[in-house]
Amino acid sequence: MSRKNIAIAGLLTAVCASVLVLSLTSRPETSPIGRHQGNVRPPQEHSLKKTALVQDVYATEKLNRVDAGRDLRAMLTGTAGKSPRDVALYAGSLQRSHGHIAMLMWIDFSSGTVKTFKSVPPDGTREQQQRLRQYLNAAKSAVKKHQAYESPSFAVGERKYFIMSQRSPDGKIGVLALIDQTVLNRVAEHQRKNLRLIPYPKEGKFHIESVHADTLRDITVKTGHDNENASHYYENEIVVRFRDGHPRSSQLKTISADIHCAAPRKLGYSYIFRSSDMTYSQLKTYFYYKWQPLYTEPHYMYLTNDAEGENTAEVVTPNDLLFSAYQWNLPAIETSRGWNLSKGSNKVTVAVVDTGVQADHPDLKGQLLPGYNAITPKGKPDDDVGHGTHVCGIIGALVNNSEGVAGISWYNKILPVKVLDSSGAGTTYSVAEGIIWAADHGAKVINLSLGNYADSQFLHDAIKYAYDRDVLLVSASGNDNTERPGYPAAYPEVLAVAATNASGERASFSNYGDYIDVSAPGESIASTYMGSQYAALSGTSMASPHAAALAGLVRSLNPDLSNKEVMDLMTKNTVDLGTPGHDKYFGWGQVDIYKTLQAASGGEVPLELWPQHVKEKINLLERRLKANP
């Protein structure tokens, strides 16, 4: 029997008593909910979650209206001058890959020909049918006048729809579409489960007792760092040369507390300070009156590595349709400047252990490796929930393809591993099996946007199995606004990720505790969704893949680093949003892609990590020898 089979056989002897579920909640980018910090009682929390659900559904509708408009424009461009047969082939292909296009109407104004593709009239009341015809006639009228048209949402039967029309630039062709908005119902149901607004998992399915957020004791949540002055982000550094040489360590600690910064970088005779909330002019005033330095100046310098200085790197702006308007999360963690240093590598695989993935999603084309289905071992890891597809898009949706969203990694391959079923839940065994399978099939990073409050030695064994093979494991902390440790995030071998909002505050749903390592954006995150669509979802499930994608970029840039060393770089190069140093709400701070890649760049082990690098290499060798005697 192979070592892999021995490991699996060992796991089979354990009893799978606990159930792991998605760490997903709902919060919009612009919602004031994130500011409701403090002692949140169960009725308040329930109300906030219901409001959040409605707002995430609204954001998803906006995303899909923009995407539908893009699809119609692409059809007009792609079929310009084509024969009726080619037009029919294009329409058929579009509707097969985009099942939400319930009706497609093609109008050739030069010949007066009208062709309708795949039209199954929805069944509703007389009043609903009348409203449908009203909007359809309005769309036809608008397109005849060379105008685009978009109806409000309307119900027919139990489904919601909207009608959209476009006309080609030369005026010869018009196209109308009836768009099924079932995705809104899916997102709403998804969020009701994962926000625990309904009993989930259903009693009797797994024969377990559940932990419900509303039954936990009242908790006090400290207000997060207010980062609304994000426009000053590039002005928050200063170069200082002190008049009396080098300051003492006690003086540096005083400065750090005064201006809210981590330890400065020393460059020759000067020091570079980076404040989390002060502009350059404020910093200059502070140092002038309190320290009377020899000089201060803006940070124009290059750093000691070969990359450009932090305030001079080019910002890479992709052309993806939804990037500029909806993906606030990527600029927030310096993704665009980080792409100057690493866009990933197809030699470094990131596994997504989740609900599977929509393999033919147009924005994930070429990004996926053949995966594994631990729920149905002979089946493909197809996503029947949407969660895994959303997580995959955050990590690696195609960049610069004028389609949908941009992923954090351009080139890292994604390995989908389905361990959660159509309800969004799975047993400890399925998750443990998925982790071991991913580790045995080349994953260098594993994302785990799932969790439970049960400390399972069974699952921990699988975590240690992967960790001992130099896999970096990243996990969501959970969404019950509790200090109670969630697993696998709380295991020491795992990088635990909390969620932040667009203002740099702790997301109000995010679990917290001393085990939190870093934080990342987790509110109203736009990404790929099943049905070749897009959704705005929120939760620590969305925060975790930001960190996993960063780990993939680091391992692509500097493959000599061990999993422990990559974790250390990620925690040491954050933006500190809480109290100075580590705190239980943000960990060491929000991940910073550019800053972390700077520290990892050069193809060699950073000097700061060299002593522990030697030690870690010895430990890694010992672990491998122990795991493979």
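Guide: Let's start with a word we'll need all the way through: a residue is buried when its relative accessible area is under 20%, exposed when over 50%, and partly exposed in between. Keep in mind too that this is a predicted model.

Visitor: Fine. Is Thr389 buried or exposed?

Guide: Thr389 is buried, because its relative accessibility is 0% and the cut-off for buried is under 20%. Thr389 is found in helix H11.

Visitor: Which residues is Thr389 in contact with, leaving aside its neighbours within four places in sequence?

Guide: They come from several stretches of the chain. Thr389 is in contact with Gly356, Val357, Gln358, His361, Leu364 and Asp383, and also with Ser527, Thr528, Tyr529 and Met530. Take Ser527: 138 residues separate Thr389 from Ser527 in sequence, yet their C-alpha atoms are 8.2 Å apart in space.

Visitor: Where does UniProt place the feature "active site"?

Guide: The UniProt entry, which is unreviewed, puts that feature at Asp354, His387 and Ser541. These three are spread over 188 residues of sequence but cluster in space, with a largest C-alpha distance of 10.1 Å. Treat the label with some care, as annotations may be inferred rather than shown by experiment.

Visitor: In which helices are His387 and Ser541 found?

Guide: His387 is in H11, which covers residues 387-396, and Ser541 is in H14, residues 540-557. The side chains of Ser541 and His387 are joined by a polar contact of 2.9 Å. His387 is buried because its relative accessibility is 0%, and Ser541 is buried with 0% as well.

Visitor: How should I read a pair of packed helices?

Guide: Two packed helices are described by the angle between their axes and the distance between the axes.

Visitor: At roughly what angle do the axes of H11 and H14 cross?

Guide: Roughly 35°, and the axes come within 8 Å. The crossing is right-handed. On the H11 side, the contact is made by His387, His390, Val391, Ile394 and Ile395. H14 contributes Ser541, Met542, Pro545, His546 and Ala549. Look at the spacing with this in mind: an α-helix has 3.6 residues a turn, so residues three or four places apart point the same way.

Visitor: How many disulfides does the structure hold?

Guide: A disulfide is a covalent bond between the sulfur atoms of two cysteines. Here the count is zero. As for individual cysteines, Cys392 is buried at 0% relative accessibility, and Cys261 is buried at 7%.

Visitor: Why does Glu61 count as buried?

Guide: Glu61 counts as buried because its relative accessibility is 16%, and the limit is under 20%. Glu61 sits in helix H2, residues 42-78. Leaving aside neighbours within four places in sequence, Glu61 is in contact with Ser153, Gln181 and Leu184. Glu505 is another buried glutamate, with a relative accessible area of 7%. Glu505 lies in the loop between strands E19 and E20, and its C-alpha is 7.5 Å from that of Leu577, 72 residues away in sequence.

Visitor: Now the whole chain. How many helices and strands are there?

Guide: The protein chain has 17 helices and 24 strands. Of its 629 residues, 58% are buried. For contacts between residues at least 6 apart in sequence, 74% join residues at least 24 apart.

Methods
Residues are numbered from 1 along each chain as its sequence is written. This is a predicted model: local features need pLDDT of at least 70, side-chain atom pairs count only at pLDDT 80 or more; totals for chains, interfaces and linings use all residues. Side-chain values use heavy atoms; hydrogens and water are left out. Helices (H or I, at least four residues) and strands (E, at least two) are DSSP runs, numbered from the N terminus. Buried means under 20% relative accessible area, exposed over 50%, partly exposed in between (1.4 Å probe, protein chains only). A polar contact is a pair of N or O atoms within 3.5 Å; within protein, one must be able to donate a hydrogen and the other to accept it, and residues adjacent in sequence count only if both atoms are side-chain atoms. A disulfide is a pair of cysteine sulfur atoms within 2.5 Å. Axes are lines fitted to C-alpha atoms, for helices over the stretch in contact, and angles run from 0 to 180 degrees between N-to-C directions. A crossing is left-handed if the near helix is turned anticlockwise from the far one by less than a right angle, and right-handed if clockwise. Contact means heavy atoms within 4.5 Å.
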